[in-house]
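Subject: Structure handover

Hi,

Here is the structure I promised to pass on. Please open it first, then read my notes below.

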Amino acid sequence: MDSSSSKSEIEFECLPMFRVLKGGVVERIAGTETVPPSDVPQNGVVSKDVVISSETGVSARLYLPTAASPDRNLPLLLYIHGGGFCIESPFSPLYHPHLVSLVSTANVVAVSVHYRLCPENPIPIPYDDTWMAFLWAAAHSSGQGPEPWLNHHADFGRVFFAGDSAGANIAHNMAMRAGSTTQLSDVTISGIVLVHPYFGKNEPDRLWDYLCPSEVHNPLFYLAADTNLSNLGCGKVLIFVGGKDFLKNRGLWYYETLKKSGWGGAVEIVESEGEEHVFHLFNPDCEKAGDLIQKFASFMNLD
């Protein structure tokens, strides 16, 4: 670390992701690299970037199987990346190939959301940005939206929210919003997929409590504080946990909490034995990453 980032000047750090210096300067240590979209098929998938709001900078990377035809609409996946709300993007060399693999295997259309990052943009901005992206996508349900890929290829009767880590938290909360809104008469949220989800239990969480300081447990993060969990706006939930993931017990706790909530849907949990947090992003060619992709894909294609 250079002298401008000396220990005495650090307000907060969460290694190996980022640190905040006194004065508010954010230094991101990871998750800043990007790769471009491709109109040349990658594993049978093309991609492109779209701006959703020029005012806020909210955007997305879209993915479409090259075999898609207008006479057969495909499930729509809204994917939310992880990174502790503070790093990464849909354009990163971790997430871009992951979405290509998912879209190719599952034969779905995907919208990978680029939300504004904390801590410069405080909670709940990442949630609000993702909801904005979802409403933008949902506006294509009439076939009259600005994006042809969604107008011609997306089945708005089979929509899925999914994400990993902090993105899984946001995905859950998008389904909670969907369960309490009247804006979605032409859209059905079929299910959500939560990969290694980041939620709070009853004890303090250092990162969340820095990003969202409050004496009250926020139900966005602390599920026990959410009295409306039974209103989760989808019919099924798939949860992945890693056997050696430091968040494993939180995923298990989410599973048990949802089952006891009175929600009427089906919930399933899958453990990747011996695997660390988001192992499938860092080692996508391993056998268990392939198993995760296959299970994820089949979940979106089963009624």
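Start with H1 and helix H8 (residues 287-301). Their axes come within 9 Å and cross at roughly 50°. H1 and H8 are therefore oblique to each other. Their crossing is right-handed. On the H1 side, the residues that meet H8 are His98, Ser101, Leu102, Thr105 and Ala106. On the H8 side they are Ile293, Gln294, Phe296, Ala297, Met300 and Asn301. By class, this contact has six nonpolar and five polar residues, with no charged ones. Bear in mind that this is a predicted model.

Helix H2 (residues 125-138) packs against helix H4 (residues 166-178) at an angle of about 60°, and the axes are 10 Å apart. That makes H2 oblique to H4. The crossing of H2 and H4 is right-handed. H2 brings Pro126, Tyr127, Asp128, Thr130 and Trp131 to the contact. H4 brings Asn169, Ile170, Asn173, Met174, Arg177 and Ala178. By class, the H2 contact with H4 has six nonpolar, three polar and two charged residues.

Now the whole protein. How many helices and strands does the protein have? The secondary structure comes to eight helices and eleven strands. The radius of gyration is 19 Å, close to the 19 Å that the globule rule gives for 303 residues, so the protein is as compact as a globular protein of that length. Along the principal axes, its C-alpha atoms fill a box of roughly 60 × 45 × 40 Å. Of the 303 residues, 54% count as buried. Take the contacts between residues at least 6 apart in sequence: 70% of them join residues at least 24 apart.

Pro90 lies in the loop between strand S6 (74-80) and helix H1 (95-106). Is Pro90 buried or exposed? Pro90 has a relative accessible area of 0%, and buried means under 20%, so Pro90 is buried. Leaving aside neighbours within four places in sequence, Pro90 is in contact with Arg61, Tyr63, His81, Tyr95, His96, Ser112, Val113 and His114. Ala297, one of the H8 residues that meet H1, is 207 residues from Pro90 along the chain. The C-alpha atoms of Pro90 and Ala297 are separated by 19 Å.

Pro16 sits in the loop between strand S1 (10-14) and strand S2 (18-21). Its relative accessible area is 60%. The cut-off for exposed is over 50%, so Pro16 is exposed. Which residues does Pro16 contact, leaving aside its neighbours within four places in sequence? They are Ile29 and Ala30. Pro16 and Glu88 are 72 residues apart along the chain, and their C-alpha atoms are separated by 12 Å.

Arg250 is in helix H6 (residues 248-259). At 16% relative accessibility, Arg250 counts as buried, because the limit is under 20%. Not counting residues up to four places away in sequence, Arg250 touches Pro197, Tyr198, Phe199, Gly200, Lys201, Glu203, Asp205 and Phe221.

Best wishes

How values were computed:
Residues are numbered from 1 along each chain as its sequence is written. This is a predicted model: local features need pLDDT of at least 70, side-chain atom pairs count only at pLDDT 80 or more; totals for chains, interfaces and linings use all residues. Side-chain values use heavy atoms; hydrogens and water are left out. Helices (H or I, at least four residues) and strands (E, at least two) are DSSP runs, numbered from the N terminus. Buried means under 20% relative accessible area, exposed over 50%, partly exposed in between (1.4 Å probe, protein chains only). Contact means heavy atoms within 4.5 Å. Axes are lines fitted to C-alpha atoms, for helices over the stretch in contact, and angles run from 0 to 180 degrees between N-to-C directions. Angles under 35 degrees count as roughly parallel, over 145 as roughly antiparallel, 65 to 115 as roughly perpendicular and the rest as oblique. A crossing is left-handed if the near helix is turned anticlockwise from the far one by less than a right angle, and right-handed if clockwise. Ala, Val, Leu, Ile, Met, Phe, Trp, Tyr, Cys and Pro count as nonpolar, Asp, Glu, Lys and Arg as charged, and the others, Gly among them, as polar. The radius of gyration is taken over C-alpha atoms; the globule rule is 2.2 Å times the number of residues to the power 0.38.
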